[in-house]
Amino acid sequence: MTDATATTRRRRPPAPASISEQAQQFLNTAPPLEETPELDLDDTQGWLRYIEAREAPGREMLAPFVPPEDRLARSQVELGGVTTYVLRPNHVSEDREGPIFLELHGGSLIFGGGDLAWMMAAGKAANRNGITWVPDYRMPPRHPYPAALDDCLAVYRHALAQRPASKIIVSGSSAGANLAAALVLRAKDEGLPVPAALVLLTPQLDLTESGDSFQTNHGIDTLPPLMPINRLYAGGHDLAHPYLSPLFGDLTGFPPTLLQTGTRDLFLSNTVRMHRRLLAAGVTTELHVFEAMPHGSLGGHTPEDMELAAEVKRFEEQHLQT
């Protein structure tokens, strides 16, 4: 890649007039792209410092939007040795009849552990008609693949012990969507029933980063390519293995799946390719592509974000009733 090409690729255009004023403001004030550092894969302390530096601003950003305790109760349990946050809205009773939403947090497969895991899920959990479980799954640099997937599967097994699969939704954003899709592949391979539905938001489904949008949206999105982190997560395993890159798995028998992305999303190719593969496998699937939306959202509180939240809630409730 020439220097001229790199410069052009990283010149982020102004927000289009086709989106809300709030979304325009978010895009036009987004910080410059920060490339993923090329740390040595064995530099554990270097990675830990990088993670800590990136996570601190996230807590400050999320804190004002966490629902109060009188709206959303939070507890912490150990399920199969995995610390799991249980989020229950005040309009949901503590009985064992309602649905369980297994929410797998995002964070490029290395960020978002501890309190960040439940904080990222809190807004969505408060609006659900059921309890949300958020596994604090293990991550690199200390715990590479398959630790995170093992943890998510362990918590899913506990959900199956408490509810029929028809009352379980598995959902994830970004890296969480990678784990959500990989969980379904593992569940199928191990003879477990698949959940009632799967929600994959701006999903990180191809750790080989082979899709077109990894080039066309590099520098346009707020997220850079993550290859150094992908290799750290894989721990020497083949990045194309379906448990690492679910896009390449056997999708036959997947539950109804909602996919979401945006035209500025680095993972746009992941999402549209997954949609085509799900259709080819005969899976009921929805694809929602939002104008000018980068990876993740447009800040979480724009009209577009509210529209996406409504679509996800509709989809989840629809497939819990069938």
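Modeller: Let's start with a pair: Val170 stands opposite Leu198 in β6. This is a predicted model, where local features need pLDDT of at least 70, side-chain atom pairs count only at pLDDT 80 or more, and totals for chains, interfaces and linings use all residues. Residues are numbered from 1 along each chain as its sequence is written, and side-chain values use heavy atoms, leaving out hydrogens and water.

Biologist: What makes β5 and β6 a pair?

Modeller: Two strands pair if DSSP finds at least two bridges between them. Five bridges join β5 to β6 (residues 197-201), and the strands run parallel, so by that rule they pair.

Biologist: Why is β5 called largely enclosed?

Modeller: Buried means under 20% relative accessible area, exposed over 50%, partly exposed in between (1.4 Å probe, protein chains only). Five of the six residues of β5 (residues 168-173) are buried, so the rest of the structure largely encloses β5.

Biologist: Which residues have pLDDT under 50?

Modeller: pLDDT is the predictor's confidence in each residue, from 0 to 100. The chain's mean is 94, but pLDDT stays under 50 over residues 1-9. Where pLDDT is low, the predicted coordinates should not be read in detail.

Conventions. Contact means heavy atoms within 4.5 Å. Helices (H or I, at least four residues) and strands (E, at least two) are DSSP runs, numbered from the N terminus.
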